[in-house]
Amino acid sequence: MKVSRNWIETYVDLSGITDAAISHALTMVGFEVEEVIKTGLPPLENVVVGEVVSYEQHPNADRLSVCQVVTAEGGDARTIVCGAKNFAAGDRVIVALPGSVLPGGFKIKESKLRGVVSGGMMCSERELGLGEDHEGIAILRDRPALGTPVNDLYGGGDTIFDVEITPNRPDALSQMGIAREMAAWFKRDLQYPEIQHNLSEWNGRHLVDTVVSDTPENCPHYRGYSVRGVKVGESPAWLKERLKSIGLRPINNVVDVTNFVLHELGQPLHAFDAAKIRGGEIRVRMAGAGESIVTLDEKKRVLDPGMMVIADGERALVIAGVMGSVDAEVDESTTDIFLESAYFNPSTVRRASRTLGLSTDSSYRFERGVDPKGTEFAALRCLDLILEVAGGELQGRPLVAGEAPLVEKEISLSAAYVRRVLGFELSDEVIVENLRALELDVTETTDDDDEPLLLVGIPSFRLDLYRPIDLVEEILRIHGSDKVPPADVRTRGLLAEDDPVPVYLRKASSLLMGRGYSEVMNYSLGEADVVRDWFGKVAGEVLTLANPLASDASHLRPSLIPGLLQTLAFNAARGQHPPPVFECGRVFREINGAVYEYVSVAFAEMRDPAEGWLKRSPVDFYAAARTAADLLGAAGVSARPHGFQANLSDDVWQKGHAARFGGGEGAQEAEFGLLAPGALQRWDLPGPVVAGAVYFLPEFLKKPVARRRYQPFSAFPAAVRDLAVVAPVETPAGEIAETLTRIGRTVCAEAAFDLEGVEAFDVYEGKGLPEGSRSVAFSLTFRSLERTLTDKEVNAVFDRLQADLQKETPFRVRS
């Protein structure tokens with residue numbers, strides 16, 4: 001935001017304070033100064049006011065004129081060749097005489113142009129550094145005296161501070177807001193604008209009959225004022241100068257006043273041409289499906305029911321809080337205006353602005369939250385200036401819908417708490433002085449134990465102050481963090497290992513980078529539609545933020561995978577095949593209505609449709625399963641393929657090509673495989689994507705991992721037996737293998753040798769099997785550490801295993 005020193009000095013006296021000191025003060029109170037710009041004229045010698053006496057076509061150039069110009073009363077005319085066409089005889093202009101040096105080091109000398117000697121130059125605003133207008137020379141409408149030095153016409157210029165305002169400080173998005181901060185820092189008085197006209201006298205009837213808000217949750221307060229008989233035209237010089245100083249283009253006096261007040265007080269306003277309002281009503285409502293509006297930038301915008309509009313009896317006239325339409329625009333033919341001042345729900349304005357890709361000075365402030373109590377004063381200030389610069393007469397009392405939200409609050413604060421948090425002594429008087437300097441209402445009292453207590457009333461424009469710690473920050477800001485006294489830091493050295501969570505994340509990062517993945521970092525908030533579509537309606541409700549800053553960051557993210565897909569899409573949209581990517585971070589999962597915070601690692605890779613000189617095996621479910629198992633293993637979780645379960649979430653994962661591990665309320669979970677094509681449509685990804693994610697409760701990672709125990713390899717040969725098991729088709733092969741392993745090891749323990757492994761090698765469905773069943777064949781490996789096993793003892797164990805399997809489970813051995 002651009003801050004004009006000349007402008008803020010109308011509210012706070014900064015005399016005797018250098019620009020450097022103001023820049024330092026802005027930084028110290030929390031607003032980074034990105035640039036300091038000096039405007040106005042540097043000292044210019046031999047640049048004076050002149051008058052065009054006459055002019056004629058240049059004899060040798062169609063686009064040049066030969067002018068006779070005088071620069072002193074009764075003086076001789078000098079010849080100047082000029083290429084501009086916007087002047088006439090008798091116009092007073094700015095003349096740079098030979099010997100002068102213009103901004104940029106451009107030296108003026110007597111020279112011959114196409115055969116005619118030119119004794120100077122008539123200057124445009126851009127050539128003098130006064131603006132960007134280069135369409136013609138500067139015409140002095142006020143007709144100052146001939147020979148007046150140009151520096152006497154234009155004062156000492158201005159200093160513009162380009163300041164970065166943090167999102168939590170919408171109160172500082174105005175010249176008055178910055179003036180308030182400077183008054184507090186430099187301990188100067190703050191002067192609010194005075195209303196010059198008597199606005200308590202209302203004559204005649206309203207130009208609009210009724211004002212109604214059909215959506216009070218999105219527009220709780222709306223005020224409308226009628227002014228008859230305005231004369232729309234060019235704004236006075238002071239108003240244009242104020243707007244130009246912060247980079248705005250003057251339009252006309254009425255529109256310029258609304259823009260002026262927006263930047264002065266931070267309250268957006270809108271002026272309607274009252275003659276263009278149909279039906280005698282102003283109605284705040286949600287847009288209809290497919291409703292359209294042509295905004296002031298002359299673009300047609302198609303709206304949706306999530307956007308709020310200001311409408312008359314027939315059509316939408318304004319996208320509420322964003323931009324008006326050409327249908328009620330104030331122009332030179334306007335004589336009556338209806339002025340709007342309202343408070344809109346920030347999230348509603350933010351959604352409309354983001355959806356339409358339309359950001360304005362108005363939406364920027366509404367999105368962050370304007371002063372709910374500031375609508376009336378801003379409207380009166382605007383009316384006062386309109387009557388001053390455009391004339392007119394107020395008509396009827398203001399029309400009001402709803403009332404301003406109650407946002408004022410009171411915070412209890414003890415000086416002892418302030419000193420304890422700051423870590424140094426600060427007197428009660430300084431604490432109170434700093435709070436009051438910020439226009440906080442401070443009442444000194446005592447608590448139940450007769451200890452001193454401050455009751456701090458928070459004004460409506462400081463929506464960011466909620467807790468005592470917030471006030472401590474305010475006190476330190478105004479006191480100055482550069483005044484914190486130096487002190488020795490004393491602490492006891494502790495020998496401790498790193499926290500297990502970052503230790504695991506480092507392991508996971510190393511593992512994935514070793515496999516060619518690139519690490520990315522995304523925002524920890526997600527979009528509502530993604531959360532609901534991927535994780536269900538309940539998660540969409542439970543994970544919603546109470547006051548989101550943006551429509552696409554309204555929910556806590558339940559998974560890292562959508563962010564990775566966004567990264568893949570970003571690369572693919574730019575003609576680059578996306579590299580495999582991964583992310584480590586925190587996610588939030590909804591389980592039985594409760595929210596749990598998980599540590600998560602996710603990966604995603606899109607198949608490359610192009611065949612290069614080196615053909616690699618395409619990524620598939622098995623590659624994802626291996627990566628997920630290794631990520632689980634890095635946390636000490638043994639994840640054999642038998643333990644994987646088919647992932648039945650067809651909306652996100654492709655059926656038959658995805659699996660999960662753990663889940664429910666478990667401390668560790670994993671999901672991986674091929675994503676369903678429907679889940680990828682949102683990001684318009686062209687190819688199949690294999691992805692996966694592991695989730696751990698932080699407490700799980702902090703548990704000590706059981707020390708691995710090793711045993712020697714057996715030097716004796718193995719004995720292998722094959723077994724076909726008939727089971728229902730929905731029973732995973734891994735479940736059957738786990739059952740065989742459990743029963744087999746129990747039987748083998750009695751025989752004093754081991755069941756070393758159980759591996760599936762064949763599946764059969766069809767003739768000879770009961771309907772709904774299938775046969776899964778397993779290879780069972782037996783081995784002893786001490787001897788070579790005989791067929792007799794292996795067969796005895798194998799027969800016992802088959803008998804126990806059929807006795808203890810519903811599975812049957814296929815003969």
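Me: What should I know before reading the numbers?

Reply: This is a predicted model, in which local features need pLDDT of at least 70 and side-chain atom pairs count only at pLDDT 80 or more, while totals for chains, interfaces and linings use all residues. Residues are numbered from 1 along each chain as its sequence is written, and side-chain values use heavy atoms, with hydrogens and water left out.

Me: In what order do the strands of the open sheet of three strands run?

Reply: Strands (E, at least two residues) and helices (H or I, at least four) are DSSP runs numbered from the N terminus, and two strands pair if DSSP finds at least two bridges between them. Here the order is β24-β26-β25, with antiparallel pairing. β24 and β25 (441–446) are at the edges with a single partner strand each, so one side of each has no neighbour in the sheet. β24 and β26 are joined by five bridges, and Ser 412 has Leu 455 in β26 as its bridge partner.

Me: Which helix lies across β24, β25 and β26?

Reply: Angles run from 0 to 180 degrees between N-to-C directions, with axes fitted to C-alpha atoms, for helices over the stretch in contact (heavy atoms within 4.5 Å). α12 lies across these strands, at about 150° to β25. α13 also packs on the sheet, where it touches β24 and β26 and makes about 80° with β24.

Me: How many residues does α13 have, and what span does it reach?

Reply: The expected span of a helix is 1.5 Å times one less than its number of residues. α13 (residues 468–479) has twelve residues and reaches 17 Å from first to last C-alpha, close to the expected 16 Å. Its buried residues (under 20% relative accessible area, 1.4 Å probe, protein chains only) include Leu 471, Ile 475 and Ile 478. Gly 480 follows the helix, with a positive phi near 105°.

Me: Where is Ala 691, and is it buried or exposed?

Reply: Ala 691 is in strand β35 (residues 689–696). Ala 691 is buried, at a relative accessible area of 0%. Leaving aside neighbours within four places in sequence, its contacts include Phe 603, Trp 653 and Phe 672.

Me: What is the nearest side chain of opposite charge to Asp 384?

Reply: A salt bridge is a side-chain nitrogen of Lys or Arg within 4 Å of a carboxyl oxygen of Asp or Glu. Asp 384, in helix α10 (residues 375–390), is buried yet has no salt bridge, and Arg 381 is the nearest such side chain at 4.5 Å.

Conventions:
Buried means under 20% relative accessible area, exposed over 50%, partly exposed in between (1.4 Å probe, protein chains only). Lys and Arg count as positive and Asp and Glu as negative; His and the chain ends are not counted.
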